[in-house]
Amino acid sequence: MKEKIQLNVLGDKLITCSKEPLTGYRRNGCCDAHDSDYGKHLICAILNEKFLEFQFSKGNDLITPKKEINFPGLKPQDRWCVCAERWVEAYNQSCATPIVLAATHIDILKIIDFKILKKFAIDLN
């Protein structure tokens with residue numbers, strides 16, 4: 001059975017978010033959608049210090065490497081597929097980070113309005 005083509009929020013084929021560090025719910029470099037991904041890691045974010053510190057303060061440590069789960073630890077400028085709820089939480093606290101629309105899955109539009117996403121897009125300007 002052929003796998004369904006994953007689309008981005010622009011309606012085009014979803015592009016890779018990051019291979020270095022290797023991101024994605026399935027660690028395939030893409031913010032693609034899967035039924036088993038309850039966190040909805042659909043947003044390709046370009047991390048900045050403010051976002052990382054905010055997540056850390058909320059108990060979501062994205063900075064510290066965790067070898068047992070093959071997590072490299074993240075730093076500013078890394079691209080990473082972030083959890084929809086965590087990005088919205090950061091947005092509501094003025095700590096949202098820039099995103100790459102071409103690498104952000106179309107399913108995020110069920111959660112976040114496109115007008116909001118466009119304000120943070122690096123690939124529209």
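The model is predicted, so local features need pLDDT of at least 70, side-chain atom pairs count only at pLDDT 80 or more, and totals for chains, interfaces and linings use all residues. Residues are numbered from 1 along each chain as its sequence is written, and side-chain values use heavy atoms, with hydrogens and water left out.

**Disulfides**
- A disulfide is a covalent bond between the sulfur atoms of two cysteines.
- The whole structure holds two disulfides (pairs of cysteine sulfur atoms within 2.5 Å).
- In sequence order, the bonded cysteines pair 1-3, 2-4.

**Cys17 and Cys44**
- A disulfide joins Cys17 to Cys44, with 2.1 Å from S to S.
- Cys17 sits in the segment before β1 (43-46) and Cys44 in strand β1, 27 residues apart (strands are DSSP runs of E, at least two residues, numbered from the N terminus).
- This link is right-handed, with 80° about the S-S bond.
- Cys17 is buried at 5% relative accessible area (buried means under 20%, exposed over 50%, partly exposed in between, with a 1.4 Å probe and protein chains only).
- Cys44 is buried too, at 0%.

**Cys31 and Cys81**
- Cys31 is joined to Cys81, also by a disulfide with S to S 2.1 Å.
- Cys31 lies in the segment before β1 and Cys81 in strand β2, 50 residues apart.
- The S-S torsion is about -90°, so this disulfide is left-handed.
- Both Cys31 and Cys81 are buried.

- Cys30 is buried, at 16% relative accessible area.
- The sulfur of Cys95 is 16 Å from its closest cysteine sulfur, in Cys83, too far for a bond.
- Cys95 counts as buried at 10%.

How values were computed: Helices (H or I, at least four residues) and strands (E, at least two) are DSSP runs, numbered from the N terminus.
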